[in-house]
Amino acid sequence: MDLLKLVAFDEEDLAVLSAHLQDAAVRVEDVAYLPKEGRFALCARRFDWESDPGEPPRRRLTGIHFERVLSVRCRNMDPRRKDEVLNLLAVTYEPTAAPAGCITLIFSDDRAIRVEVECLEAQMKDMGPVWEVESRPAHEPPAILDAAPEPRGARG
């Protein structure tokens, strides 16, 4: 497969980027906030969801950066623990005073990085190396109620 290169300028674009980054492994040492450049960047080992299910599962080295960054905050993380590996679950966007907003990188174990931006401007690019991994990420299915909800007015 060709190297993937995506840009995001709105919430719909960011949802596509987020889908490709689901289950990416991110080392804390590969995360950087560059305040003078107004940039937040990271390298991830993203799971290759586009590969054929008949092929062995694999990961790709991918770079992601956000431009026009005003501030960065993290939750339940210690940036000094450089060897720690985070599991990226999703990337979301919450508009504030248009066109400004907050991008949130949501990780497992209730961890997150919140990036405040002047406007949404992001890029993701595969950087080449691809390697096979032992298994595909697995997720718990959503909780489903055993009984169907009662129609309104059914109670007597």
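Contact means heavy atoms within 4.5 Å. By that criterion, and leaving aside its neighbours within four places in sequence, Val115 is in contact with Phe40, Val69, Ser71, Val72, Gly101, Cys102, Ile103 and Leu105. The model is predicted: local features need pLDDT of at least 70, side-chain atom pairs count only at pLDDT 80 or more, and totals for chains, interfaces and linings use all residues. Residues are numbered from 1 along each chain as its sequence is written, and side-chain values use heavy atoms, with hydrogens and water left out.

A nonpolar core is a set of buried Ala, Val, Leu, Ile, Met, Phe, Trp, Tyr and Cys residues joined through side-chain atoms within 4.5 Å. Buried denotes under 20% relative accessible area, exposed over 50%, and partly exposed in between (1.4 Å probe, protein chains only). The largest nonpolar core holds 29 residues, and Leu14, Phe40, Phe66, Val91, Ile103, Leu105 and Val115 touch the most other members. Strand β7 (residues 85-95) gives the most to this core, with four residues. Helices (H or I, at least four residues) and strands (E, at least two) are DSSP runs, numbered from the N terminus.

Ser18 lies in helix α1 (residues 11-21). Ser18 counts as buried because its relative accessible area is 9%. Not counting residues up to four places away in sequence, Ser18 touches Ala90 and Val91.

Two strands pair if DSSP finds at least two bridges between them. The table lists two such pairings.

| Strands | Sense and bridges | Bridge partners |
|---|---|---|
| β1 and β10 (residues 122-132) | antiparallel, four bridges | Leu6 and Met124 |
| β3 and β4 (residues 39-47) | antiparallel, four bridges | Tyr33 and Phe40 |

Strand β1 (residues 5-8) has a covered face, formed by Leu6 and Ala8, and an uncovered one, formed by Lys5 and Val7. β3 and β4 form a hairpin with four residues between them, and Gly38 in the turn has a positive phi of about 65°.

A pocket is, on a 1 Å grid over the protein atoms alone, an open set of points where a 1.4 Å probe fits, with protein on both sides within 12 Å along at least five of seven lines; lining residues have an atom within 4 Å of a point. The largest pocket is lined by Val28, Val31, Ala32, Tyr33, Phe40, Val72, Arg73, Cys74, Met77, Pro79, Lys82 and Ile113. The elements giving two or more residues to this lining are β3 (31-34) and β6 (69-75).
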